[in-house]
Amino acid sequence: MEELQYADPPPEKETKSQDYDKLIDNIVTIVENSYVCPFDTSFSDYFCMYCRVVFTNPNKLREHTLTHNPKTFKEIVTNYSMNKKIQIDIDRIDCRLCAEVISDIDVFKSHITSHGMTIHNIEDDFLKFKLKLDNLCCLECGKTFGFFHALKKHMAEHFGTCICDVCGAHYFEERMLILHQKTHQRVDEVFNCKECGKNFKSKYTRYIHIARTHKKESAYQCRKCDEVFFSYTLRYRHMIDYHGEERLFKCDQCDRSYDSRKSLREHIRRTHLKILRHACMMCDKLFYLPSRLKEHVMTSHTGERNFRCEFCGKSYPRLRGLKVHVQSAHGTEKKHKCMLCNAAFTKNFYLKSHVKRQHGGMEGDSEPFLTPVS
């Protein structure tokens with residue numbers, strides 16, 4: 001692939017307005033000289049950016065957009081608010097100036113410079129989609145959604161820069177963040193798990209609990225082996241740790257790197273900007289999220305040990321400590337299986353303890369229920 005020639009060297013400290021002007025220049029160059037389809041939305045309806053005609057079918061949207069002159073896009077987009085993300089469908093890119101077939105936006109940016117066009121050296125701060133009638137896919141992580149509004153909300157986890165200091169939720173616009181923050185001022189509502197009785201603060205965390213604990217669901221399969229994971233994040237970390245994939249998001253202020261933009265932004269806010277607004281009343285330590293403060297109080301001031309090993313019963317004040325213990329003590333092949341349930345253990349001692357604890361304490365009669373895994 002031809003090396004991308006930028007119009008200017010990497011910028012140093014520039015104002016937000018200067019960065020935005022360069023972003024707009026890049027977007028205008030892309031739209032005017034390719035077949036990408038800029039669009040606007042209201043929930044799951046698509047609007048033509050040129051004439052505001054509404055569509056529910058993205059194929060009709062693309063077909064209609066081709067009837068407009070892309071040279072008029074610049075006047076439209078320059079009136080956009082700096083706080084509003086521009087959305088572009090890249091189902092078809094290709095070059096309008098020649099017969100080159102192009103399927104990648106970075107390849108197009110490199111190609112268009114060969115026609116004498118200018119591309120500024122700045123990150124693409126616009127939202128890219130490949131619109132479909134159903135099963136819309138996030139181009140960042142591969143997660144799929146049944147309708148556009150859910151996908152757009154999910155995209156804020158990757159690109160939203162308005163962050164809730166209470167729970168870490170991401171939003172594109174300040175007004176949406178303000179509306180969200182008001183929910184933390186309401187009386188706490190409890191969502192109960194009907195399977196085990198455990199309470200949760202949101203329907204989503206209850207859903208995650210049920211899927212992980214009771215349904216044993218795993219949805220994300222590794223592309224290089226047979227491992228299956230509950231979340232995209234767990235699979236991505238597996239790809240890094242076991243298959244050597246490089247982390248993509250590096251901090252420009254230190255040597256740390258992360259597997260998502262969200263994690264990088266939280267690192268910058270917590271470590272470099274020192275946005276620590278949750279203080280411990282007992283020792284004055286500061287924390288980024290209230291959940292970290294709660295964990296600190298439990299482990300440092302109350303002595304609670306709420307994380308218990310399912311294999312041997314040992315308990316730990318932090319989840320991290322439990323994970324290290326499980327990996328080191330129980331991470332080998334589990335050859336000892338319980339005949340009463342699906343539990344398996346690395347040592348016969350752990351299996352006997354499990355039978356006593358989980359199946360009525362059958363101390364003298366436990367041997368018939370213990371069998372090594374073949």
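Me: Where is Asn33 found?

Reply: Asn33 is found in helix α1, residues 16-33. Helices (H or I, at least four residues) and strands (E, at least two) are DSSP runs, numbered from the N terminus. This is a predicted model, in which local features need pLDDT of at least 70 and side-chain atom pairs count only at pLDDT 80 or more, while totals for chains, interfaces and linings use all residues. Residues are numbered from 1 along each chain as its sequence is written, and side-chain values use heavy atoms, with hydrogens and water left out.

Me: Why does Asn33 count as buried?

Reply: Buried means under 20% relative accessible area, exposed over 50%, and partly exposed in between (1.4 Å probe, protein chains only). Asn33 has 2% relative accessibility, so it counts as buried. Not counting residues up to four places away in sequence, Asn33 touches Asp94, Cys95, Arg96, Leu97, Phe108, Ile112 and Met117. Contact here means heavy atoms within 4.5 Å.

Me: Why does Lys250 count as exposed?

Reply: Lys250 has a relative accessibility of 53%, and exposed means over 50%, so Lys250 counts as exposed. Lys250 is in strand β14, residues 249-250. Lys250 touches Arg256, Ser257 and Leu264, again leaving out residues up to four places away in sequence. Lys250 and Leu264 are 14 residues apart in sequence, with 7.3 Å between their C-alpha atoms.

Me: What makes Phe39 and Tyr46 an aromatic pair?

Reply: Rings of Phe, Tyr and Trp (its six-membered ring) pair if their centres lie within 6.5 Å; planes under 30 degrees apart count as stacked, over 60 as edge-to-face and the rest as tilted. The structure holds 6 aromatic pairs. In the pair of Phe39 and Tyr46 the centres are 5.9 Å apart and the planes are at 80°, so the pair is edge-to-face. Phe39 is buried, with a relative accessible area of 0%, and Tyr46 is buried at 3%.

Me: What kind of aromatic pair do Phe39 and Phe129 form?

Reply: The pair of Phe39 and Phe129 is edge-to-face, with 5.8 Å centre to centre and 65° between the planes. The pair links distant parts of the chain: Phe39 is in strand β1 (residues 37-42) and Phe129 in strand β5 (residues 127-129), 90 residues apart. Phe39, Tyr46, Phe129 and Phe148 form one aromatic cluster.

Me: Why is β1 called largely enclosed by the rest of the structure?

Reply: Of the 6 residues of β1, 5 are buried, so β1 is largely enclosed by the rest of the structure.

Me: What makes β3 and β5 edge strands?

Reply: The open sheet has 5 strands in the order β3-β2-β1-β4-β5, with mixed pairing. β3 (54-55) and β5 are the edge strands, as each pairs on one side only.

Me: How do you know that the charged end of Arg92 sits over the ring of Tyr35?

Reply: A charge sits over a ring if NZ of Lys or CZ of Arg is within 6 Å of the ring centre and within 35 degrees of the ring normal. The charged end of Arg92 is 3.8 Å from the ring centre of Tyr35. Arg96 also lies over the face of Tyr35, at 4.5 Å from the ring centre.

Definitions and conventions:
Two strands pair if DSSP finds at least two bridges between them.
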